[in-house]
Amino acid sequence: MATDEEFVFDPKIVKNDIESVRKKFEGLMYLDPRCDPAFKALLDSEDSLVNFLNGIMHLEGDDAIQSLTYKIQQEENFRLPEPYSVKFDISAHTKAGKRIDVEMQQVKLKEYISRMMIYNAILLLRSKSDYNKEIGFQNLPDAEKEKYRYKLPEIYSIWIMDHSVDFMGKGIYRDEVALYNKSNIGKDGCLPISSKNKYIVIDLTKFDKKFEELESDEDRWLYILKNAGSSRSSIKFGNPAIEDALRRIECGTASEELLIRQANMTDYINVCRAAVAESYDEGYEKGLEKGLEKVALDMLADNEPIEKIVKYSHLPMEKVLELKEKQAAFSAK
């Protein structure tokens, strides 16, 4: 069940006015970068994103990323055979040819591992398509086509989770996932059978380093993601790329649009988490469904069109109409 900002809120639907938003963030230095709008603003520059990726991917020296192009909210549409759409939080393409998807996930979905796999599969297919265009695959002689038919660029799916990741061991906050052959697992020098497709998974709930314990750029970025949203004073590392990123999410200078989007998404995440907690015995998906019903009811109260409510609550049309009838009946009492 989707909980990404792009699936929930239309920028034209204002759930918070600017005065109430400023009160919500009063006394805080930064917007919480674990929430989608601030996360994307934090990394919305080439220098900051390069520094972040080199840190998270452990790239140094000649292997380090020097430059890249990127998009925020990169939409990909496929037919499977029905239309299927995903939106990468941050999609990057390095000068050396690496393709990277960076995702920030706050709410723990029941099928979050399947979701990671679907996003990775779409990233792989899109990367292969782009690579073929770059080399002019369709215009190559047949002999050359066979040479490049299955050639892939390096692909990285980076998932930053603000919830426990079940497959990661106790105390492990960073892990890499790749394709291994079973006969070699556990042996010395065991390596993945391909270096072309990797996942890097971060469990922020297990990252507990204090400021004075930070040693690497990876540590610094994870510290920011974990702690900036509760900080009441500036975080200084003497790193221009990081400090530039932090300036973009300062509560005192953020644009009204960013403040409102952040407040909207924070409210929505809180609704989802509360619904999950209250309904855990009923099952995880039912809890999330209650959260989405709350979103639909709020939009109905604002007299939003039914089609828009279906789109942004991800509830079936029949369910939204049922909620509308119940709301009308309650109002008539």
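**The core and what surrounds it**

Modeller: Let's start in the middle: the largest nonpolar core has 51 residues, and Phe-52, Leu-53 and Ile-160 touch the most other members. Keep in mind that this is a predicted model. Take Leu-53 as a way in. Leaving aside residues up to four places away in sequence, Leu-53 touches His-58, Ile-65, Leu-68, Ala-92, Ile-100, Val-102 and Ile-158. There is also a second, separate core, this one of 31 residues, including Cys-35, Leu-123, Tyr-199 and Ala-296.

His-58 counts as partly exposed because its relative accessible area is 45%. Asn-303 shows a positive phi too, about 60°, and is not a glycine either. You'll find Asn-303 in the loop between helix H9 (284-301) and helix H10 (306-313), and with a relative accessible area of 68%, Asn-303 is exposed.

Now look at helix H6, residues 217-227. Its buried residues are Glu-218, Asp-219, Trp-221, Leu-222, Tyr-223, Ile-224 and Leu-225. So what covers the buried residues of H6? The cover includes helix H2 (36-42), H3, E4, E5, strand E6 (197-203) and helix H7 (240-247). Stepping back, the protein chain has 11 helices and 6 strands, and 47% of its 333 residues count as buried. Of the contacts between residues at least 6 apart in sequence, 68% join residues at least 24 apart.

Charged pairs come next. The structure holds 22 salt bridges. In one of them, the side chains of Lys-24 and Asp-267 meet at 2.8 Å, N to O. That pair links distant parts of the chain, with Lys-24 in helix H1 (residues 18-24) and Asp-267 in helix H8 (residues 256-278), 243 residues apart. Lys-24 is partly exposed at 39% relative accessible area, and Asp-267 is partly exposed at 30%. Another bridge joins Asp-203 to Lys-206, with the closest N and O atoms 3.6 Å apart. Here Asp-203 is buried, with a relative accessible area of 0%, while Lys-206 is partly exposed at 21%. Arg-248 and Asp-244 also form a bridge, their closest N and O atoms being 2.7 Å apart. Glu-293, Lys-319, Glu-322 and Lys-326 are linked in a network of salt bridges.

Finally, the outside. The protein chain exposes about 17,600 Å², and carbon and sulfur atoms supply 51% of that. On the surface, Ile-113, Met-117 and Phe-167 form a nonpolar patch with about 270 Å² of accessible area together. Phe-167 sits in the loop between strand E4 (155-161) and strand E5 (174-177), and its 35% relative accessibility makes it partly exposed.

One caution before you zoom in. The mean pLDDT of the chain is 87, and 89% of its residues reach 70 or more, but over residues 1-14 pLDDT stays under 50. Where pLDDT is low, the predicted coordinates should not be read in detail.

Note on methods. Residues are numbered from 1 along each chain as its sequence is written. This is a predicted model: local features need pLDDT of at least 70, side-chain atom pairs count only at pLDDT 80 or more; totals for chains, interfaces and linings use all residues. Side-chain values use heavy atoms; hydrogens and water are left out. Helices (H or I, at least four residues) and strands (E, at least two) are DSSP runs, numbered from the N terminus. Buried means under 20% relative accessible area, exposed over 50%, partly exposed in between (1.4 Å probe, protein chains only). Contact means heavy atoms within 4.5 Å. Accessible areas come from the Shrake-Rupley method with a 1.4 Å probe; for residues, only the protein chains shown count as cover. Patches are made of residues with over 30% relative accessible area and no salt bridge: like charges are joined within 9 Å, nonpolar side chains (Val, Leu, Ile, Met, Phe, Trp, Tyr) within 5 Å. A salt bridge is a side-chain nitrogen of Lys or Arg within 4 Å of a carboxyl oxygen of Asp or Glu. pLDDT is the predictor's confidence in each residue, from 0 to 100. A nonpolar core is a set of buried Ala, Val, Leu, Ile, Met, Phe, Trp, Tyr and Cys residues joined through side-chain atoms within 4.5 Å.
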